[in-house]
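User: I would like to learn how to read pockets, cavities and ring contacts in a model. Please take one feature at a time.

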Amino acid sequence: MKMNFKYAFPLLLLWAFVTTLNAQNDTIVTQNNQMLVGTIKDMYKGVLKIKTNYSDSDFAVSWSKVKGLSSTKVFIISSTRGEIFNGALRSANDGVVTIYNEDFIEASIPLSEVVYLRTLKSNFISRLSASIALGYNFTKSNNLSQINLRSTLGYKARKWTLNGNFNGI
């Protein structure tokens, strides 16, 4: 049986091009009008992390230096007023970000009021977080042994978060 690879290379090339375009669809504009194109990871404690193709490590940009941003991915966003929003981001580089879903605009808030930003993926496993730590201590002078266990489990939904932990000695 002979296979025809006549169209294999162009299709592979097209697939690589399309996935590269899709992976790098977030844009950040800084106060001095520099533009970063990559994948927004999160913003926590005033630092925005963005992954780019042209760097081995993630860029860390101070949130106060961000003038505008745009992304088609869904994020969970917290504001200084305690509001939680979900949606894609769009900004006209005027210091205001618009959070929108497929059907409607959910909110428009100043960038200075955003305190938390994280990608919200759609499948169950990517919203789940878990950790476990096990330790053993032995003190020879007292002949004392100790086993420690610490575990956490969390789930991040669109409007709420559930976290639980267990610590035992």
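This is a predicted model: local features need pLDDT of at least 70, side-chain atom pairs count only at pLDDT 80 or more; totals for chains, interfaces and linings use all residues.

User: How much space lies in the largest pocket?

Analyst: On a 1 Å grid over the protein atoms alone, a pocket is an open set of points with protein on both sides within 12 Å along at least five of seven lines; a cavity is a set where a 1.4 Å probe fits but cannot get out, and lining residues have an atom within 4 Å of a point. Volume is the space filled by probe spheres set on the points, which are joined across faces, edges and corners. Here the largest pocket holds about 460 Å³. It has 19 lining residues, and the closest to its centre are Arg 118, Thr 119, Ser 126, Arg 127 and Lys 156.

User: How do the residues of that lining divide?

Analyst: Ala, Val, Leu, Ile, Met, Phe, Trp, Tyr, Cys and Pro count as nonpolar, Asp, Glu, Lys and Arg as charged, and the others, Gly among them, as polar. The pocket lining has 6 nonpolar, 7 polar and 6 charged residues.

User: What lines the largest cavity?

Analyst: The search finds 1 cavity of 30 Å³ or more. Its lining consists of Trp 63, Leu 69, Ile 77, Leu 89, Val 97, Leu 111, Val 114 and Leu 117. These divide into 8 nonpolar, no polar and no charged.

User: Which residues form an aromatic pair?

Analyst: Rings of Phe, Tyr and Trp (its six-membered ring) pair if their centres lie within 6.5 Å; planes under 30 degrees apart are stacked, over 60 edge-to-face and the rest tilted. Tyr 44 and Tyr 116 pair edge-to-face, at 6.3 Å centre to centre and 90° between the planes. Tyr 44 is in strand β2 and Tyr 116 in strand β9, so the pair ties together parts 72 residues apart in sequence. Strands (E, at least two residues) are DSSP runs, numbered from the N terminus.

User: Is Tyr 116 buried or exposed?

Analyst: Buried means under 20% relative accessible area, exposed over 50%, and partly exposed in between (1.4 Å probe, protein chains only). Tyr 116 is buried at 18%, whereas Tyr 44 is partly exposed at 49%.

User: Where is Asn 163 found?

Analyst: Asn 163 belongs to strand β12 and is exposed, at 62%.

Key
Residues are numbered from 1 along each chain as its sequence is written. Side-chain values use heavy atoms; hydrogens and water are left out. Helices (H or I, at least four residues) and strands (E, at least two) are DSSP runs, numbered from the N terminus.
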